[in-house]
Amino acid sequence: MSPRLRQRGAALLTAMIIVTLIASLAAGMVWQQYRAVQIEAADRARAQSAWILQGALDWARLILKEDANLHRTNKPMDHLGEPWAVPLAEARLSTFLAADKSTASEDDGPEAFLSGSIEDAQSRYNLRALLGGNKVPELEQRVLERLCSQVNAPPGTAAVIIAGLREAFPAAASGGTTGTGTATGSAGAASGAGGGTTTPTKESGPLEPAGLDQLTWLGLTPDTIARLQPFVVLLPKATPVNLNTAPREVIAALFDGVDLATAERLVQGRKAKPMGDVSTDAAAYLPAAALAQATATRASVISSFFIVTGRLRLEERQLEQRSLIERQNLNMVVLARERINQLVDR
C-alpha cells in the first residue's frame, strides 16, 4: 500500500473517531440536561404539592375553629352531623382554580385531584388510659382485650401492648408527670423546675412510640396494627372517648356488659339526636352499670384532638398528608404531620 493511501486511511479513521467522540459528548450533554429538567420538574411538583396540602390543612383548621366558635354560643358537643365531619370527595384541582372564570378554566388546570377528611381522634380508644398509676386499671385492660378480640388479633396482643407501653413510658406508668412531645402520641419525662416534681429519665428499654404505626417496636405485626387502627389511637395525653363519634366496636368495648347490639342502638339513636350530656342522654341506651363507668375521664361528647387527612393525586402518584391537631379553645395546634408518597394502582 502506498504512503498516500495509508495517510488517507489514517485521516478517515481519525475523522470517524472524532465524530464518535463528539456524538458521545453531545448525547451526554443532552442526557444531563434532560435529567436536570426532570429533577427540577419533580422538585417543583413536590413543592406545589406541599403547598396545596398545607392549604388544605389550613382550611381544616379554619373549619375546626368555626366549630369552636359555635361552642361558645351553643351547648358544646361534637358529633358526625357537623360540617367538619363531612369528607371532601375527590375533585379535580382545576375546578377550584377555575372559580374565577376570568383567570382560569378547568381545561387549563393540571390533572391533579384533591380529597380529604377530618376525623375525631377521640372516637377511638386512647391507649394512654393504660398508663395511669403503678398498676394497669383492670377496666382499661378489659377494654383493650375486648377490642383485640373483636378484630381477631393474635392471642396475647393486649398483654404485649400493655407491657410494651408501660416499659416505653416508665414515668407515666409509675404515676409521674410526663410532658407531651411534638409527634403524635409522644411524651417525654418532665423535668422539675422551681421546686416541681421531677420524674426519672429513662436510660434503657424500648423507644417511646410516637404513633400507632410504631407499635411494631413492641413486637406487633403490621397486620395486627392495621386491624386495630380504626379503633385505637395513641395521643399525647389521656382523653375520654366521644360517644357521639365512636364506632359501635369502641362503645361496646368501653363498658362492661355492653354488647354490639346495644352499642348499635346508641349509634342509631345519636344520628337522630346527638347526645349533649353523657349522664342523661346515654341513659336511654346504656345499662346502669355502664353509666357508672361513664365518668368524665372515660366518656364525653366533645373532642379536642382531630386527625386531618389530605390527599393529592397527580398522574400515577398520590401524596397523602396526615396531621394531628389539638384544639385549644380557638387555637388549632398542629402536633404532628406525616406525608406518604405512593404509587396509585390503575
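Predicted model: local features only at pLDDT ≥ 70, side-chain atom pairs only at ≥ 80, totals over all residues.
Which side chains meet in a salt bridge at 2.9 Å, N to O? They are those of Arg 327 and Asp 78.

**Salt bridge between Arg 327 and Asp 78**

- The side chains of Arg 327 and Asp 78 form a salt bridge with an N to O distance of 2.9 Å.
- Arg 327 belongs to strand β10 (residues 317-328) and Asp 78 to the loop between α1 and β1, so this pair ties together parts that are 249 residues apart in sequence.
- Arg 327 and Asp 78 are both buried.

**Salt bridge between Asp 256 and Arg 142**

- A salt bridge of 2.7 Å, N to O, joins the side chains of Asp 256 and Arg 142.
- This pair links distant parts of the chain, 114 residues apart: Asp 256 is in the loop between α7 (248-254) and α8 (260-272), and Arg 142 is in helix α3 (residues 138-150).
- Arg 142 counts as partly exposed because its relative accessibility is 31%.

- The side chains of Asp 213 and Arg 322 meet in a salt bridge at 3.9 Å, N to O.
- Asp 213 lies in the loop between β5 and α6, while Arg 322 lies in strand β10, so parts that are 109 residues apart in sequence are tied together by the pair.
- Both partners are partly exposed: Asp 213 has a relative accessible area of 37%, and Arg 322 has a relative accessibility of 24%.
- Asp 213 and Arg 322 belong to one network, in which salt bridges that share partners also join Arg 311, Glu 320 and Glu 338.

**Strand pairing**

- Strand β1 (residues 88-92) pairs with strand β2 (residues 112-120) in the antiparallel sense, over three bridges.
- Within this pairing, Leu 88 has Gly 116 of β2 as its bridge partner.
- Strand β2 also pairs in the antiparallel sense with strand β9 (residues 305-314), over nine bridges.
- Gly 116 stands opposite Gly 310 in β9.

**The cavity**

- The largest cavity has a volume of about 30 Å³.
- Its lining consists of Leu 53, Ala 56, Leu 57, Val 308, Thr 309, Gly 310 and Gln 321.
- The elements that give two or more residues to this lining are α1 (3-73) and β9.
- By residue type, the lining divides into four nonpolar, three polar and no charged residues.

- Gln 293 lies in helix α10 (residues 288-293) and counts as buried because its relative accessibility is 16%, where buried means under 20%.
- Leaving aside neighbours within four places in sequence, Gln 293 is in contact with Leu 139, Leu 254, Phe 255, Asp 256 and Arg 298.
- One of these contacts, Asp 256, is the salt-bridge partner of Arg 142.
- Leu 218 is placed in the loop between β5 (187-189) and α6 (222-228), and it counts as buried at 14% relative accessibility.
- The C-alpha atoms of Leu 218 and Ile 162 are 9.6 Å apart in space, and the two residues are 56 residues apart in sequence.

Methods
Residues numbered from 1 in each chain as written. Heavy atoms only, no water. Helix = DSSP H or I, 4+ residues; strand = E, 2+ residues; numbered from the N terminus. Buried < 20%, exposed > 50% of the residue type's maximum accessible area, 1.4 Å probe, protein only. Pairing = 2+ DSSP bridges. Contact = heavy atoms within 4.5 Å. 1 Å grid on protein atoms, 1.4 Å probe; cavity = no way out; pocket = protein on both sides within 12 Å on 5 of 7 lines; lining within 4 Å. Points joined across faces, edges and corners; volume = space filled by probe spheres on them. Nonpolar A, V, L, I, M, F, W, Y, C, P; charged D, E, K, R; others polar. Salt bridge = Lys/Arg side-chain N within 4 Å of Asp/Glu carboxyl O.
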